[in-house]
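User: I have a structure to go through before I set anything up. Can you walk me through it?

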Amino acid sequence: ALAVHNGLLYAGGMFQTAGSLSNVNNLAAWNGSSWLQVDNGVTGTTGAYVTALLSTSSGLVVGGNFQTAGSTSNLPCQNIALWNGAAFVNNYNATFNGPIYTLGEYGGQLVAGGTFTTPYLNIASWNGSAWNPLSGGITLFYQIPYNGVASQIDYGGALIVGGHYKHADNVSTTQNIARWNGSAWSAIPGGDIPDTLAIVNDFLPFDNKLYVGGEFAQVGLVPALGVAEWNGTGWNTTGHTHKLVRALAAYDSCGTFPCDLYAAGEGFLNRWICLSSTNESANTIQFRIYPNPAGDHIDVHLSRVLPEGSTLHISDLQGRVRLKQKIQGESVHLQVEHLLAGTYIISVWVPGGNPAYARFVRH
């Protein structure tokens with residue numbers, strides 16, 4: 001697992017050394033030139049590891065399989081803990097009896113998924129004081145490690161959840177992929193992944209669509225090897241040539257917005273070149289951002305007055321929308337003090353046209 005938090009790159013997994021450091025115990029931080037200890041990481045009685053990291057305003061949430069966080073903190077925990085930059089400070093009153101593989105946020109709550117039966121069935125949400133179920137949860141084919149909920153993304157107003165599982169809350173056609181709206185589970189329009197040996201490992205919003213990576217050869221009724229494209233109403237193939245994909249990522253080689261999609265898996269790295277570079281609009285928008293890098297506020301200056309219904313979105317590099325605002329006039333003043341330090345994408349959306357994108361840095 002990898003996550004950027006407060007200017008450091010955190011790496012989690014199953015390891016004891018990082019660079020010249022020893023006893024890092026499955027978690028370390030990279031400052032751009034050297035590795036740093038994270039209070040000697042996390043440990044457990046058998047085979048401890050870290051499989052999920054999530055940067056939040058409260059700190060870095062760490063998930064996996066472990067029972068103690070930090071040597072100074074020496075925090076008793078059960079597969080989840082919070083790092084505040086100096087110590088592990090929160091164990092979330094956790095009673096997870098199995099590993100956590102994915103951490104995310106939805107509806108202002110922390111969501112943990114993996115292979116466990118307590119506190120709830122393979123997925124649960126934290127409201128700040130207690131864990132709560134997502135209805136009847138996720139039912140697995142086999143309740144053993146390395147099955148279960150493996151991935152999640154807040155996309156299109158819903159939480160999309162992937163993994164290797166039988167169904168979500170007994171809803172039909174939710175095998176290995178399902179959608180949660182905050183109160184109920186539903187199937188993905190276009191169908192689920194019919195192979196009982198399949199798994200969804202990663203999600204990536206890209207080129208105004210959602211890309212799904214994992215081990216599969218078909219999604220819904222569409223043949224798709226390893227990577228599939230969801231346009232909101234149905235599935236499309238991508239022509240990907242490998243069946244087992246572990247991770248998806250986008251890289252900004254165009255200089256304005258990530259336009260190269262990468263898929264990585266067992267012994268390969270595939271590149272899909274500049275999908276969004278072909279997504280031209282006759283209704284072209286241009287804008288500039290000042291100041292950039294920014295402090296607590298930014299001004300967005302547009303090349304023209306936009307039609308009614310136009311909106312501006314600020315998203316992080318994981319595709320999560322952090323701010324959404326209607327646009328009136330030729331400039332917009334935005335307060336961004338709630339954003340953590342890092343790189344963000346501003347997108348301007350016009351009814352009937354394609355969005356325009358630009359980057360800014362919050363320091």
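This is a predicted model: local features need pLDDT of at least 70, side-chain atom pairs count only at pLDDT 80 or more; totals for chains, interfaces and linings use all residues.

User: Start with the inside. Which residues touch the most other members of the largest nonpolar core?

Analyst: That core has 23 residues. Phe287, Ile298, Val300, Ile314, Leu334, Ile346 and Phe360 touch the most other members. Strands 31, 32, 33, 35, 36 and 37 each give two or more residues to this core.

User: What is Ile298 in contact with, leaving aside neighbours within four places in sequence?

Analyst: The list includes Ile289, Tyr290 and Pro291. Ile314, Val332, His333, Leu334 and Val336 are also in contact with Ile298. Ile346 and Phe360 complete the set.

User: And Phe287, buried or exposed?

Analyst: Phe287 is buried, because its relative accessibility is 16% and the cut-off is under 20%. Phe287 sits in strand 31. Beyond four places in sequence, the contacts of Phe287 are Val300, His301, Leu302, Ile346, Val348, Ala356, Tyr357 and Ala358.

User: How far is Phe287 from Ala263 in space?

Analyst: 31 Å, C-alpha to C-alpha. In sequence, Phe287 and Ala263 are 24 residues apart.

User: Salt bridges next. How many does the structure hold?

Analyst: Four. One of the salt bridges pairs Arg362 with Asp296, with the closest N and O atoms 3.3 Å apart. This pair links distant parts of the chain, 66 residues apart. Arg362 is in strand 37, and Asp296 is in the loop between strand 31 and strand 32.

User: How exposed is Asp296?

Analyst: Asp296 is partly exposed, at 43% relative accessible area. Arg362 counts as buried, at 10%.

User: What does strand 13 pair with?

Analyst: Strand 12 joins strand 13 through six bridges, antiparallel. Ile100 partners Gly114 there. The two strands form a hairpin with two residues between them, and Gly107 in the turn has a positive phi of about 60°. Strand 14 joins strand 13 through four bridges, also antiparallel. Val111 stands opposite Ser125 in strand 14.

User: What order do the strands take in the open sheet of three?

Analyst: The order is 5-8-9, with antiparallel pairing. Strands 5 and 9 are at the edges with a single partner strand each, so one side of each has no neighbour in the sheet. Two bridges join strand 8 to strand 9. Thr68 stands opposite Pro76 in strand 9.

User: Last one, the surface. Which residues form a nonpolar patch there?

Analyst: Leu2, Val4 and Leu9, with about 290 Å² of accessible area together. Val4 lies in strand 1. Val4 is exposed, at 56% relative accessible area.

Notes: Residues are numbered from 1 along each chain as its sequence is written. Side-chain values use heavy atoms; hydrogens and water are left out. Patches are made of residues with over 30% relative accessible area and no salt bridge: like charges are joined within 9 Å, nonpolar side chains (Val, Leu, Ile, Met, Phe, Trp, Tyr) within 5 Å. Accessible areas come from the Shrake-Rupley method with a 1.4 Å probe; for residues, only the protein chains shown count as cover. A salt bridge is a side-chain nitrogen of Lys or Arg within 4 Å of a carboxyl oxygen of Asp or Glu. Buried means under 20% relative accessible area, exposed over 50%, partly exposed in between (1.4 Å probe, protein chains only). Two strands pair if DSSP finds at least two bridges between them. A nonpolar core is a set of buried Ala, Val, Leu, Ile, Met, Phe, Trp, Tyr and Cys residues joined through side-chain atoms within 4.5 Å. Contact means heavy atoms within 4.5 Å.
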